[in-house]
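Please look over the sequence and the model first, and then follow the sections below.

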Amino acid sequence: MNGMFDRESVLPVIVALVTALALSFALTPIVKWLAVKIGAVDVPKDKRRMHDHPIPRLGGLAIFIGFVVAVLLCADVDRQLRGILLGGCIIVAVGIVDDSHPLGAGIKFILQIVAALIAVWHGVVIEMIANPLPFIGGDYWDFGIMAVPITVIWIVAVTNSVNLIDGLDGLADGVSTIAALTMLIIALLMGDLEMAVICAALVGGCIGFIPYNRNPAKIFMGDTGATFLGFMLATVSVTGLFKLYAVISFVVPFIILGFPIFDTVSAFTRRILKGQNPMKADRSHTHHKLIDMGMNQKQAVATLYMVAGVLGLCAVMIVTTGYVKVILSVIALAGTAYTVARILRYPHEHHRQEPEAPASEQPENGKEEA
């Protein structure tokens, strides 16, 4: 690996992280005040909510501002990064409107595609990946003309997968922090300083918001934050991970984002098999099952943090050299899969009424129930 930096070269990474963290933390109370002013508030209207008072839900704006300022100060804004930032601005603008005046799912989906296309137009494209089936064909799969639709699908899918796990206080923010931190470590190991700066800014923005979002939450990140974090993780993985034309280019992004991807795919598959609309909200997500098993919100969130952390560790182990590390990563991944499988086997159907849905769910604004 060529990831050895001297102190001077690592300084922008540290500055980006600290800047984003400080701004996110300092701006969240202001954003909370603004959310109340524009009506971006989650008012408990039914028994599905555990909170008994209105809670603002525009917190993602503080994460966004902290991230953008840190990136503009510390990163070299090339064409690809410009496209990511422009697409991110669209995602955040849509989220702000949706958190205050709910938009239809179709409109949000179309605008997410537009944001993804802007990033793609600026060069954020998955052109090829290592062949996951080396005994068939060559070393790499070159997507050719299919590169654009495949990239758009990836970006929109990850954007929504992070949004869908935003169902418990601090869950989406914490899982995104772990994913971004994993990408940061990999960037340093691979010697990619620019990717490291971007990931550091994302980590800092998320950490700065956690004190306000952990249970009991004082403010929710809303669609503004959840979709922005998903969009950033998706696009950064394209520019940083998929561009490494080795075996890790196919495996690592899916491992890092394993939990939100798995939860989304399992939710959609379950609904389709039952003949339901795949976008129809239900209460059978992984975190719901943990709650039904008797955990409180803090315990469920901690458990899923652990799963995300193990997956992140697997990704780092795969990037590093040595057969022992690869073996350990496979064992850790198998252990995580076994844990998740045990959770999914829990007989959820017998517990549909209790306990109530998590506080941060927002089905009334058109958002899928996380």
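## A covered helix

Helix α7 is mostly covered, since 16 of its 21 residues are buried, where buried means under 20% relative accessible area, exposed over 50% and partly exposed in between, with a 1.4 Å probe and protein chains only. Helices here are DSSP runs of H or I with at least four residues, strands are runs of E with at least two, and both are numbered from the N terminus. The end C-alpha atoms of α7 (residues 193–213) are 30 Å apart, which agrees with the 30 Å that its 21 residues should span at 1.5 Å a residue; the expected span is 1.5 Å times one less than the number of residues.

## Basis and confidence

This is a predicted model, in which local features need pLDDT of at least 70 and side-chain atom pairs count only at pLDDT 80 or more, while totals for chains, interfaces and linings use all residues. Residues are numbered from 1 along each chain as its sequence is written, and side-chain values use heavy atoms, with hydrogens and water left out.

The mean pLDDT of the protein chain (the predictor's confidence in each residue, from 0 to 100) is 81, and 76% of the residues reach 70 or more.

## The chain as a whole

The protein chain contains 13 helices and four strands, and buried residues make up 52% of its 370 residues.

The structure holds two salt bridges, each defined as a side-chain nitrogen of Lys or Arg within 4 Å of a carboxyl oxygen of Asp or Glu. In one of them D98 pairs with K108, the closest N and O atoms being 3.2 Å apart; D98 lies in helix α3 (residues 79–100) and K108 in helix α4 (residues 105–121). K108 also meets D223 in a salt bridge of 3.3 Å, N to O, and because K108 lies in helix α4 and D223 in helix α8, this pair ties together parts that are 115 residues apart in sequence.

D98 counts as buried at 0% relative accessibility, K108 at 9%, and D223 at 2%.

## A serine in helix α8

S237 lies in helix α8 (residues 222–240) and is buried, with a relative accessible area of 0%.
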